[in-house]
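I opened the model and kept notes as I went. The entries follow the order in which I looked things up.

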Amino acid sequence: MATVGRAVGVAPRPGFIEYLWSWVTTVDHKRIGILYGLTTTAFLLVGGLEALLIRIQLAHPESKFLDPNTYNQIFTMHGLTMIFLVVMGYNATFFNLVVPLQLGARDVAFPRLNAFSYWVFLFGALLLNLGWLWGQAPGVGWFGYANLTSVEYTPDLGTDFYVMGLQVLGISSIASALNFLVTIINLRAPGMSMFKMPVFSWMTLVVSVLVITAFPPFTVGLIEVMFDRLFGTNFFNPAAGANPLLWQHLFWIFGHPEVYILVLPAMGIVSEVIPVFARKPLFGYPFVVFSGIFIGFLGWGVWAHHMFAVGLGPIANTVFGITTMLIAVPTGVKIFNWLATLWGGQIQVKTPLLFAALGFIAPFIIGGVTGVMHATVPSDYQQTDTYFVVAHFHYVIMPIVAAFFAGIYYWWPKYTGRLLDEGLGKLHFWLFFVGTNLTFGAQVVLGFLGMPRRNYTYPAGLGWEPWNLLSSIGAFLIALSVLVFIVNALKSLRSGEPAGPDPWDGRTLEWLTPSPVPVYNFAEIPVVRYRDELWARKYGPHGERAAAAARPNPDPNPGREEVHVHLPRPSYYPAVAALGIALGFFGGVMLRPAEVGGLGPLGWVLVGLGALITLAGLYGWAFEPAD
Amino acid sequence: MAEATHPAHVEHYTSTGIDHRKILMWLFLGSECLFFGSLIATYQVYRGQSLVGPHPHDVFNIPYTSISAFVLLMSSLTMALAVNSIRLGNLPATRIWLLLTALQGSIFVGGQVFEFTTFVEHGLSLQVNLFGTTFFVLTGFHGAHVTVGIIMLFSLLFASLLGKLTPAQALTVEIVGLYWHFVDIVWIVIFTVVYLLPY
């Protein structure tokens, strides 16, 4: 019954253990968002380090820096880390931090389920990376094509960590997506109809639908690989008549919606940042929203474009080529809407806008156009498995990362109460921007020069040396830019300029709250009448009040001492249940025989223990009062 | 999260007027459709592709499985009656219907265990061919879902005996009912696709 009034200063100062425990048991969406953000940033450094190792190895021909086996593990883990832990991790960070505030809610619909999602994410991420301790991280590529994943071809534990780690992460993603779906459907402030909802929340909705529909086929694929490896079934065993192509379909029917799971939140962030810094409403809001929905919908009909070179036949390839090209239409609509929002605006060139407009839109167009080139089947035959593909998807993912930085610079003051430094921010941006284009621009050229992907080295004399060196230099510039960001973040926490509740003259409800946001978010749930509710409150619904005459941001909580909001109580059961799940799946890895580093049948002990802990956590959870 | 000044049982505000947990269950079941859809798709892709026996017609006993399918279908009726009883505030009737539902589910799962045993005696194992692999994993995951449902039904039953399930929690019974009807409907699809469609 955590009744929060003027707790600070009245309650005795908690000790460090109590402080840590308060983070373990927290069910507050903002603290969970911060936990996601810290975890994700740690994995950004891990995945970035892996990228640097790859680029050191490829900087020169015939390099002996990494052996082939290690190289396979590093590029596989780089991909898995960046997709499942970093991009999906930052997505969860922003969903948690921003969505309830944008909706005018006090928390998500299921605060404890939200904590559970985070802990499963953390433990799943650790499980996925645990193979390093055995020197056997996954080395089968992030797509883990069958039947390379059969015990016969990868007897090591790496593939088991892949299969188990990704199942655990899938549980986290589905739980979190279900939670945000219910939150968005059911916890919008009074008056906020769906089409008054901010675009970022809209994109969260679309992405959550994609997550709950795309992850189950992937989970089934992983279960099938797991059964093949542990119990000798035949799902991907050609000797028993099986067709390993089944895996490719199950994987890409997840894998392509996954691409939109990665990009749509970034598009949502850009749609929030650009109107604020152009000081104009988003141009064509319904078009932006419907384009996002349409992209999510089309995402289901394009998976075989990852399989053009497999030999599905001309009809299948043509159909999937056309549906893929169709995606350029809603994407283009969005880009033109952002440009039209900037057009004629009073543009404030601050770091969030630099990252959103130059960092996202511009390189994303290169990523999109190269994507349309892949959609042309004969052209794709030439590009398959070359660095052109690597350049393409990095020109999609790096803009997503830029959008995250836009979001971080934009929303940071809301949760810390302090601004990030503009000078360091601009340095961060330019290093990142130049580094990205150097690294992946060079790889576009390498692709045209025919350099194959996934090979640990290459011979001299093919004209690839200068481009590879350039690409490696660019990678170090990106790493440097991330260091600048970390310096900026630490500096802001120590001595950043106080932000106040509304530093950017924002348009949406999160800027109505004080910074940092109090634990109950809104002392009084706001009633919404307009799409840009806060803007309308400040400047009038049609902007009729001049900036000078704009009413100061109305303090939603004048009598802060008297606020008594009933909050859900903290709980450690979600963390217990999450630990049990991860332990059980780790036991699944350990079922492999002792010769490869497992425990054999003794692994069942871990599985059983994990199941018991999970059950105990779930029963404790079910029977403790929720609030 | 209601205001502390209000009584504790005050209804949470929701935009749609529908309880959060009910929407959660519907969305979860939507996700489950894709899960079973993928397992059924795998079964269909490998239908008739086994290189060695035993084949479906060597082991299937359609009348036997039809009876256990009928029992499972009837359990949906008793589940609906349980939801109706608790809405009417009739706790004794609710307990009887919950118990009958759980028992019918248990008969189904028991029947499945017996069926699996018979199949193994006929030489059909997880490993022997594609039919064994896909059949056991698909129907096994369905059986596991029914088992989870039985555990939830017994939990409700015990909660009601301990006085913790009152007509105020009718929604909880309804939500468990949603799950129960779902596993039932999935079985209609599996039974049709796996057992009834000719090979």
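This is a predicted model: local features need pLDDT of at least 70, side-chain atom pairs count only at pLDDT 80 or more; totals for chains, interfaces and linings use all residues.

**Domains of chain A**

I began with the domain assignment of chain A, which gives domain 1 (35-568) and domain 2 (574-627). Such bounds come from an automatic or database domain assignment. Residues are numbered from 1 along each chain as its sequence is written, while chains are lettered from A and ligands numbered from 1 in the order in which they are written.

I took the centres of the two domains of chain A over C-alpha atoms; 30 Å separate them. Next I looked up their contacts (two residues are in contact if their C-beta atoms, placed from the backbone, lie within 7 Å). I found 23 residues of domain 1 of chain A in contact with 19 residues of domain 2 of chain A. On the domain 1 side, α4, α5 (158-186) and α6 (199-231) of chain A each give two or more residues. Helices here are DSSP runs (H or I, at least four residues), strands likewise (E, at least two), and both are numbered from the N terminus. The largest share of that domain 1 side, eight residues, comes from α4(A). I sorted the domain 1 side by class and got 16 nonpolar, four polar and three charged residues. In that scheme Ala, Val, Leu, Ile, Met, Phe, Trp, Tyr, Cys and Pro are nonpolar, Asp, Glu, Lys and Arg are charged, and the others, Gly among them, are polar.

**Helix α4 of chain A**

I checked the length of α4(A), residues 111-129. Its 19 residues should span 27 Å at 1.5 Å a residue, and its end C-alpha atoms are 28 Å apart, which agrees. The expected span is 1.5 Å times one less than the number of residues. Then I looked at burial (buried: 20 or more other C-beta atoms within 10 Å of a residue's own; exposed: 12 or fewer; partly exposed: in between; C-beta atoms placed from the backbone). In α4(A), 16 of the 19 residues are buried, so this helix is largely enclosed by the rest of the structure.

**Helix α9 of chain A**

I moved to α9 (residues 314-326) of chain A, which has 13 residues. From first C-alpha to last, α9(A) reaches 18 Å, close to the 18 Å expected. Which of its residues are buried? I listed A:Asn317, A:Phe320, A:Gly321 and A:Thr324. They cover an arc of only 110° around the axis, which puts them on the same side of α9(A). The arc is that of the directions from the helix axis to the C-beta atoms. The buried residues pack against α11 (351-375) and α12 (377-383) of chain A. On the face turned away I found the exposed residues A:Ile315, A:Thr318 and A:Ile322.

**A:Ala403**

I picked A:Ala403, in helix α13 (residues 387-416) of chain A. A:Ala403 counts as buried because it has 29 C-beta neighbours inside 10 Å. Leaving out residues up to four places away in sequence, A:Ala403 touches A:Ala266, A:Ile269, A:Val270, A:Phe355, A:Ala356 and A:Phe360. A:Phe360 is 43 residues from A:Ala403 in sequence, yet their C-alpha atoms are 5.8 Å apart.

**Confidence in chain A**

I read the pLDDT, the predictor's confidence in each residue, from 0 to 100. Chain A has a mean of 92, and 94% of its residues reach 70 or more. Over residues 1-10 of chain A the pLDDT is below 50. That stretch still has 14 contacts in the model beyond near neighbours in sequence.

**Chain B**

I counted six helices and zero strands in chain B. Its C-alpha atoms fill a box of roughly 70 × 35 × 25 Å along the principal axes. Of its 199 residues, 33% count as buried. I also checked contacts in chain B with a separation of 6 or more: residues 24 or more positions apart account for 82% of them.

B:Phe131 is in helix α5 of chain B. It is buried because 27 C-beta neighbours lie inside 10 Å. Beyond residues up to four places away in sequence, B:Phe131 touches B:Ser50, B:His55 and B:Pro56.

**Where the chains meet**

The contact takes 31 residues from chain B and 37 residues from chain A. On the chain B side, α1 (20-45) and α5 (130-161) each supply at least two residues. α1(B) gives the most, with 13 residues. By class, I noted 17 nonpolar, 13 polar and one charged residues on the chain B side.
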